[in-house]
Amino acid sequence: MTTTTDMVLITGMSGSGKSVALHALEDAGYYCVDNLPPELLESFLALEHQRGARKIGIAMDVRSAQSLHLVPQRLRELRARGLPITCIFLDAGTDMLVRRFSETRRLHPLSRPGQSDQHRMLEQAINLERELLGELREHAHAIDTSMIRPSQLQLYIKDLIQAPAAQLTLVFESFAFKRGIPLDADYVFDVRMLPNPHYEKELRPLNGRDQAVADYLQQSSEVNEMLQTIEQFLARWLEPLARDHRSYVTVAVGCTGGQHRSVYLVESLERSFGARWTTLKRHRELDALKP
């Protein structure tokens, strides 16, 4: 296997959006296979390499529960042989997954037919799935799809596959606490105690990317101190994380509405660390407003 082949592995919870992610890879020119048995991974890659395929997307999940334990070791072996691999784990809150399965009336892959309490059966299946996929999640970049639209997920996937697979990628994400903390966050910073532009009439309809909001927040010593504190924390620990072979680190910054303070800080952090690290930024609430 040579380094000319690029592989993206999509895994995660049933109902979290793996089909949407595969469609995003197909749009980006990847040859995609859903539910490939882990036992066939190496032979499949060898076959596609012979055919000249350069970009391959593979989905593996709990449908291959009997052999999922083989995947982490296979990935380590492939990486040791020079194959660039991007692993993406899609997740969502249990309540959201239950709702999605209930709305579509689909049967969870781990559900056992015949049980009378369907809701409890579904929750048990989801909890078991989390346990079975736990090790895979540790080796992947997680994306929480609970509060994002399919178009947002497709955008996030396309951004991720453009980042160098062999380097640590730093993902900055703004969010609203009133809509829940992102499950994909490695570090969460609460900035709700900072001055809020929402209470300034002329700033309320704007967001943290607008210069007027930035000027307002830059005048606050507390905002500047918070920004400096987060920067110092990351500057201290990113190098050890990179030495520990972490591929992605997601830093989530939350305020009340995910519109002003968290957005401003994410924009500032991305600029601050962009010269040293591969960086991506997401604004969960603002991105949801895009057409």
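Visitor: Before we start, what does "partly exposed" mean here?
Guide: Buried means under 20% relative accessible area, exposed means over 50%, and partly exposed is in between. Keep in mind that this is a predicted model.

Visitor: Thanks! So is E77 buried, partly exposed or exposed?
Guide: E77 has 31% relative accessibility, so E77 counts as partly exposed. You'll find E77 in helix α3.

Visitor: And how far is E77 from E42?
Guide: Their C-alpha atoms are separated by 10.0 Å, while along the chain E77 and E42 are 35 residues apart.

Visitor: Which residues make the contact between α2 and α3?
Guide: First the geometry: α2 and α3 pack at an angle of about 35 degrees, and their axes are 11 Å apart. On the α2 side the contact is made by L41, E42 and L45, and on the α3 side by R74, E77 and L78.

Visitor: How do those residues divide by class?
Guide: The contact of α2 with α3 has three nonpolar and three charged residues, and no polar ones.

Visitor: Let's talk about the core. How many residues are in the largest nonpolar core?
Guide: That core has 29 residues. The ones with the most contacts inside it are M7, L9, L41, L45 and I58. L41 and L45 also belong to the contact of α2 with α3.

Visitor: Which elements give two or more residues to this core?
Guide: The strands are β1 (6-12), β3 (55-59) and β4 (85-91), and the helices are α2, α3 (71-80), α4 (94-104) and α5 (118-132).

Visitor: What is I58 in contact with?
Guide: Leaving aside neighbours within four places in sequence, I58 is in contact with M7, V8, L9, I10, V33, L36, L41, F44 and L45.

Visitor: What lies apart from that core?
Guide: Another core, of 27 residues, lies apart from it, and L203, M226, L241 and L265 are among its members.

Visitor: Where does V223 lie, then?
Guide: V223 lies in helix α9, which covers residues 221-243. With 1% relative accessibility, V223 counts as buried. Leaving aside neighbours within four places in sequence, the contacts of V223 are L194, P195, L217, Y264 and L265.

Visitor: How do α9 and α10 cross?
Guide: The axes of α9 and helix α10 (residues 261-273) come within 11 Å and cross at roughly 45 degrees. The two helices are therefore oblique to each other. The crossing of α9 past α10 is right-handed.

Visitor: Which residues meet there?
Guide: From α9 you have V223, M226, L227, I230, E231, L234, A235 and L238, and they meet Y264, L265, S268, L269, S272 and F273 of α10. By class, the contact of α9 with α10 has 11 nonpolar, two polar and one charged residues.

Visitor: Back to the start of the chain. How do α1 and α7 cross?
Guide: Helix α1 (residues 18-27) and helix α7 (residues 150-161) have axes that come within 9 Å and cross at roughly 50 degrees. That makes α1 oblique to α7. Here too you can look at the handedness: α1 passes α7 in a right-handed crossing.

Visitor: And which residues make that contact?
Guide: α1 brings V20, A21, H23, A24, L25 and D27, and α7 brings P150, L153, Q154, I157, K158 and I161. The contact of α1 with α7 has eight nonpolar, two polar and two charged residues.

Visitor: Change of topic: what is phi of N35 near?
Guide: Phi of N35 is near 60 degrees, which is a positive value in a residue other than glycine. N35 has its place in the loop between β2 (31-34) and α2 (41-50). With 28% relative accessibility, N35 counts as partly exposed.

Visitor: What about T250, buried or exposed?
Guide: T250 is buried, with a relative accessible area of 0%. T250 is found in strand β8 (residues 248-255). Leaving aside neighbours within four places in sequence, T250 is in contact with H141, V171, E173, D184, A185, D186 and Y187.

Visitor: Last one: what does D190 touch?
Guide: Not counting residues up to four places away in sequence, D190 touches F177, M226 and G254. D190 is found in strand β7 (residues 187-190), and D190 is partly exposed, with a relative accessible area of 29%.

Technical notes
Residues numbered from 1 in each chain as written. Predicted model: local features only at pLDDT ≥ 70, side-chain atom pairs only at ≥ 80, totals over all residues. Heavy atoms only, no water. Axes fitted to C-alpha atoms, helices over the stretch in contact; angles between N-to-C directions. Helix = DSSP H or I, 4+ residues; strand = E, 2+ residues; numbered from the N terminus. Parallel < 35°, antiparallel > 145°, perpendicular 65-115°, else oblique. Left-handed = near helix turned anticlockwise from the far one by under 90°. Contact = heavy atoms within 4.5 Å. Nonpolar A, V, L, I, M, F, W, Y, C, P; charged D, E, K, R; others polar. Buried < 20%, exposed > 50% of the residue type's maximum accessible area, 1.4 Å probe, protein only. Core = buried A, V, L, I, M, F, W, Y, C linked by side-chain atoms within 4.5 Å.
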